[in-house]
Amino acid sequence: MCGIVGGTGEPSDAALAAIAHRGPDGRGIVRRGPFWLGHTRLAVIDPTSASDQPFERGGLSLAYNGELWNYRELRATLATLGATFRTSGDTEVVAAALARWGTDALPRFEGMFAIAAILPSGQLLLARDRFGEVPLHVARGPRIDDFHFASEAKGLLAMGIPGSHIQWVEPGRFLVESPAEIGSWVRWYDLPSRVFVGTHEQAASALRPLLERGVEDRAVSDVGACLLLSGGLDSSAVAAMYRPHSRDTEVVAYVAVGEGAEKSRDLRSAREVAESLSIRLREVRVPAPTSSDLSEVVRVIEQTSKAQVEIGWACLKLADAIRGDGWKVVLSGEGSDELWGSYGFSFAGIERVGFRAYREQLFVGQHRKNFARCNKVFMSRGIECRLPFLSTRLVEHSLSMTEEQCANGRTGPDSRKDALRAAVAGLVPDVARRRAKMAFQEGAGLREMAASAVADPARYYRAEHTRIFGGMEP
């Protein structure tokens, strides 16, 4: 994971400095024609300088933020077509694939990414991954020579761009911009509309190997990885499946413990799961935030959502502890709840548009909510957060399941995860499999702590966002 900035005009050192936290291991700028690319690197795969960016190959300049899980398979395919490689990392594979296949390479990429590349033709390519795990913002002025992009809005603000001009790039989109012609966004990925045919048992049976593959893919790292463990079903499933793939002798997991929540059910469950799986649990104390602390969370995550800011405060404390212990990669169970519509508030939405459509809308919308918050919080401390539940085949299979296949005839939000519970039976301790869903901010006592810091938290977060980012839409 890294940070990218760029666009037309003169390269901006200030923009690169504004996202330096995303890549403390290196930085670089390249300019070709009217376009420039800036990159700050967090070295995770092939940490040698050979994979520094912007990366040059065959007349293509690449600034790439993310990871490809299938880079070894793509590398082998490209080698059979005559490609040679000088590095062991995924960055060169992305460059070689784009040079070989152009935008047709994007559907071949299994990973999380935001890509900026100046192609051999002199055109600028921007692309974002299927589900929006990696953030990407753009700003276009009235002239063709006034177009900029950045991993975080802070990078664009540092270029003097008003917040009201900043927009999100939607997931699964790409743009090809020419020096003399404004490009249009093209959708390169759509969720398939297929429906799984089979029983609850068959749906659950198909789910387990897909999650195992998602975890195995995200375990690949040249610098090791740790875990987030709340004691719930999702993080416990990731922890149990990660254990055989860890490159470290000891697996370490982190749990947030809010002030006054030392006896919470979350913490008790996390301790039991860690003990059962022989994982060392690091309990991270989360103090009550001040108003300044909450303002800092708004600045980091660039959002106003009450839930995201409060979760973000605990995640910042987790990130501080993880980075302090020397880790650069952490695996999380986020993204699962949206696949099943397992929140209590989901009922009205499901009644309105249906089980499948509601979950799709909820999941896709996370590119500006949970996924963005997770990315920006941990990257603010130079940590890459990986989400195994966002494995493409896992997402597609989960969303293809009917409510009957998910819940096995039961009713209520908690029942919609019954297929996942069945899939991890015998692997995840019963204390986690049987737990009812509890919002993270509730289990860690975050709501009460935020309410004690400011009188009207939701209003305060909106006001701080406006103060920091101007008219930018959160």
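These notes cover the overall build of this predicted model and then one of its helices, H11.

1. Overall fold. The protein has 20 helices and 17 strands. Its radius of gyration is 22 Å, close to the 23 Å that the globule rule gives for 474 residues, so the protein is as compact as a globular protein of that length. The C-alpha trace spans about 60 × 55 × 50 Å along the principal axes.

2. Of the 474 residues, 59% are buried. Take the contacts between residues at least 6 apart in sequence: 74% of them join residues at least 24 apart.

3. Surface and charge. The accessible surface comes to about 17500 Å². Carbon and sulfur atoms account for 49% of that surface. There are 58 positive and 58 negative side chains. The centres of the two sets lie 0 Å apart.

4. Helix H11, buried side. H11 runs over residues 346–353. Ser-346, Gly-349 and Ile-350 are buried there. They share one side of H11 because they cover an arc of only 100° around the axis. The general rule is that an α-helix has 3.6 residues a turn, so residues three or four places apart point the same way.

5. Helix H11, partner and exposed side. What do the buried residues of H11 pack against? Their partner is helix H12, residues 355–364. On the other side of H11, Phe-347, Glu-351 and Arg-352 are exposed.

6. End of H11. Gly-354 follows H11. Its phi is positive, near 105°.

Methods: Residues numbered from 1 in each chain as written. Predicted model: local features only at pLDDT ≥ 70, side-chain atom pairs only at ≥ 80, totals over all residues. Heavy atoms only, no water. Buried < 20%, exposed > 50% of the residue type's maximum accessible area, 1.4 Å probe, protein only. Helix = DSSP H or I, 4+ residues; strand = E, 2+ residues; numbered from the N terminus. Arc of directions from axis to C-beta. Contact = heavy atoms within 4.5 Å. Rg over C-alpha atoms; globule rule 2.2 N^0.38 Å. Areas by Shrake-Rupley, 256 points an atom, 1.4 Å probe, with all protein chains shown as cover. Lys, Arg positive; Asp, Glu negative; His and termini not counted. Charge placed at Lys NZ, Arg CZ, Asp CG, Glu CD.
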